[in-house]
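I opened my notebook beside the model. I wanted to look up a few residues one by one.

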Amino acid sequence: THPATFRWGHPRDFTGRSPYSVEPSEGVVPPKGRLPLSVEFEPQLGCHPEHALVCSVENGLSTTLLCRAPGLVEARLAPVEKTIAFGTIAIGTAQQRVTVLKNAGQSPA
């Protein structure tokens with residue numbers, strides 16, 4: 001057997017920024033050896049919770065690692081009041097009203 005040189009990447013048709021990354025992103029695995037990997041998930045607004053990472057092997061077959069985050073939820077903030085009424089006030093006179101912003105999503109953000 002021979003050492004295997006590899007590099008992690010994304011499928012050819014992938015565009016955009018993946019929320020998943022893997023370290024080390026490239027390297028060499030010795031014959032009959034093993035190499036620990038660290039996969040990081042950093043979700044961004046609108047990202048897909050499922051993504052394939054492709055490991056290209058020099059002079060060998062590529063392999064795929066499917067990453068999933070089915071519990072991904074986005075924060076949803078909304079004002080408790082839909083309207084703030086100031087009523088009649090004179091030009092040049094400032095008035096202040098207070099309202100509340102509520103997290104209506106399932107995320108603790």
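I began with accessibility: buried means under 20% relative accessible area, exposed over 50%, and partly exposed in between (1.4 Å probe, protein chains only). I noted that this is a predicted model, where local features need pLDDT of at least 70, side-chain atom pairs count only at pLDDT 80 or more, and totals for chains, interfaces and linings use all residues. Residues are numbered from 1 along each chain as its sequence is written, and side-chain values use heavy atoms, with hydrogens and water left out.

Entry: I looked up Lys32 in the loop between S3 and strand S4 (38-41). Strands here are DSSP runs (E, at least two residues), numbered from the N terminus. Lys32 counts as exposed because its relative accessibility is 80%. Its phi is near 60 degrees, a positive value in a residue other than glycine. Asn59 sits in the loop between strand S5 (50-57) and strand S6 (63-68). Phi of Asn59 is also positive, near 60 degrees. Most residues other than glycine have a negative phi, and most peptide bonds are trans.

Entry: Pro24. Which kind of peptide bond joins Glu23 and Pro24? I found a cis bond, with omega about -5 degrees. Pro24 lies in the loop between S2 and strand S3 (26-29).

Entry: Ser18. I found Ser18 in the loop between strand S1 (4-9) and strand S2 (20-23). Is Ser18 buried or exposed? Ser18 counts as buried, because its relative accessibility is 10%. I then checked polar contacts (pairs of N or O atoms within 3.5 Å; within protein, one must be able to donate a hydrogen and the other to accept it, and residues adjacent in sequence count only if both atoms are side-chain atoms). One of 3.5 Å joins the side chains of Ser18 and His51. A polar atom of the Ser18 side chain also lies 3.0 Å from the backbone nitrogen of Tyr20.

Entry: cysteines. I counted 0 disulfides in the structure, a disulfide being a pair of cysteine sulfur atoms within 2.5 Å. For Cys47, the nearest cysteine sulfur is that of Cys67, 12 Å away. Cys47 is buried, with a relative accessible area of 16%.

Terms used: Helices (H or I, at least four residues) and strands (E, at least two) are DSSP runs, numbered from the N terminus.
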